[in-house]
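Please read it alongside the sequence and structure shown here.

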Amino acid sequence: MIEMIKTFVIGIFVGIAQVIPGVSGGTLVVIFNIYDKFVNAITLNIKKLIKNWKFVLPILLGIAFGIILFSKGIKALFNYYPVQTNFFFAGLIIGSIPLLAGYTFKSQHNEKLSAKKIAGLILAVISGLALILTFGILQQNYGDAKSAVNAAAELPELNTGLCIKLFIGGILGAFAMIIPGISGSLLMLIIGVYPIIISSISGLMAKSTIIQAIILLVPVGFGILVGLFAGAKLISSLIKAAPRYTYAVILGLIIGSAYLIIPFTEQTAIQFIISIICAAAGFCLAFFSSRFSLNEENNSENEAINNKTDDQIKL
């Protein structure tokens, strides 16, 4: 039960990140060290879904909860405390870097990395970094997080063209949730459906707009399902085929995300101190959460090894 509650809370953070252009839900999945579990659990295999329901159900409910109930809170934070909010998210991102660097470069099971392989991994990190910096240029061209989150749009009537755009927006948003560093909400903003989607989510809270909001969100929901399953299958295959290189690219994406999200603006001394405190809080949350999860994984592995050894002794 405690593990399910923890997964639900992580899902809330991922959901919150999904409504902020420039912040990646996939990055939050990496930060809390559930990336492998997440991409492996999202599958069309019904038996596997049922087997992993204690993880799949709370993470999806948490994401939905974060998107629906915290969208207004995120608007308020970006409206009144945009710099401090960005510093907190930057701290979260930076706090996950040591864990990812370990996955990428740390020797495991007596495996020694050759100079050639290390060079290849560094090149993969640079590739991920270049990709996210290119994505940052798009972000500058299509608006910043504060203006996008505060964007308001009346709920339009659904037609065929809009239905297709909303469906594609859902696919992009979900696919970006699988790829750390890529903001799904920013992709939705680029194709022009983000204001409609965020307004539809808010419209769920009012009796006068709830029906129209549901109608508009149905194609988005179908798109999210397609994007989740397709993206999870792709990343899961890459991790199995080339785990170190996959994590190296993800590491580059994460490093670039931290750089892009830090607001380089003038602040008073007090504002700067508060921003640093927010960044430190985010760093500690991510760093110690990942260490706690890593210790749990190591304990589980050791327990499995011990059980296997005991069985061999009995035989």
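**Cysteines, patches and buried elements**

Cys284 has a relative accessible area of 36%, so it is partly exposed. The model is predicted. Its surface includes a positive patch formed by Lys48, Lys51, Lys233 and Lys240, and a nonpolar patch of about 980 Å². Helix H12, by contrast, is largely enclosed by the rest of the structure.

**Cysteines**

- The structure holds zero disulfides.
- A disulfide would be a covalent bond between the sulfur atoms of two cysteines.

**Positive patch**

- Four lysines form this patch: Lys48, Lys51, Lys233 and Lys240.
- Helix H4 (46-51) and helix H13 (210-241) are the elements that give two or more residues to the positive patch.
- Lys48 is located in helix H4.
- With a relative accessible area of 32%, Lys48 is partly exposed.

**Nonpolar patch**

- About 980 Å² of surface is made up by Leu158, Ile164, Phe167, Ile168, Ile210, Ile211, Ile214, Ile215, Val218, Phe222, Leu225 and Val226.
- Helix H10 (160-178) and H13 are the elements that each give two or more residues to this nonpolar patch.
- H13 supplies the largest share of the nonpolar patch, eight residues.
- Ile164, one of the patch residues, has its place in helix H10.
- Ile164 counts as partly exposed because its relative accessibility is 47%, and the exposed class requires over 50%.

**Helix H12**

- What places H12 (residues 194-203) in the interior is that ten of its ten residues are buried, so the helix is largely enclosed by the rest of the structure.
- The buried residues of H12 are Tyr194, Pro195, Ile196, Ile197, Ile198, Ser199, Ser200, Ile201, Ser202 and Gly203.

- Phe135 belongs to helix H8, which covers residues 115-141.
- At 10% relative accessibility, Phe135 counts as buried, because buried means under 20%.
- Phe135 and Leu187 are 52 residues apart along the chain, and their C-alpha atoms are separated by 9.7 Å.

Definitions and conventions:
Residues are numbered from 1 along each chain as its sequence is written. This is a predicted model: local features need pLDDT of at least 70, side-chain atom pairs count only at pLDDT 80 or more; totals for chains, interfaces and linings use all residues. Side-chain values use heavy atoms; hydrogens and water are left out. Patches are made of residues with over 30% relative accessible area and no salt bridge: like charges are joined within 9 Å, nonpolar side chains (Val, Leu, Ile, Met, Phe, Trp, Tyr) within 5 Å. Accessible areas come from the Shrake-Rupley method with a 1.4 Å probe; for residues, only the protein chains shown count as cover. A salt bridge is a side-chain nitrogen of Lys or Arg within 4 Å of a carboxyl oxygen of Asp or Glu. Lys and Arg count as positive and Asp and Glu as negative; His and the chain ends are not counted. The place of a charge is taken as NZ of Lys, CZ of Arg, CG of Asp or CD of Glu. Helices (H or I, at least four residues) and strands (E, at least two) are DSSP runs, numbered from the N terminus. Buried means under 20% relative accessible area, exposed over 50%, partly exposed in between (1.4 Å probe, protein chains only). A disulfide is a pair of cysteine sulfur atoms within 2.5 Å.
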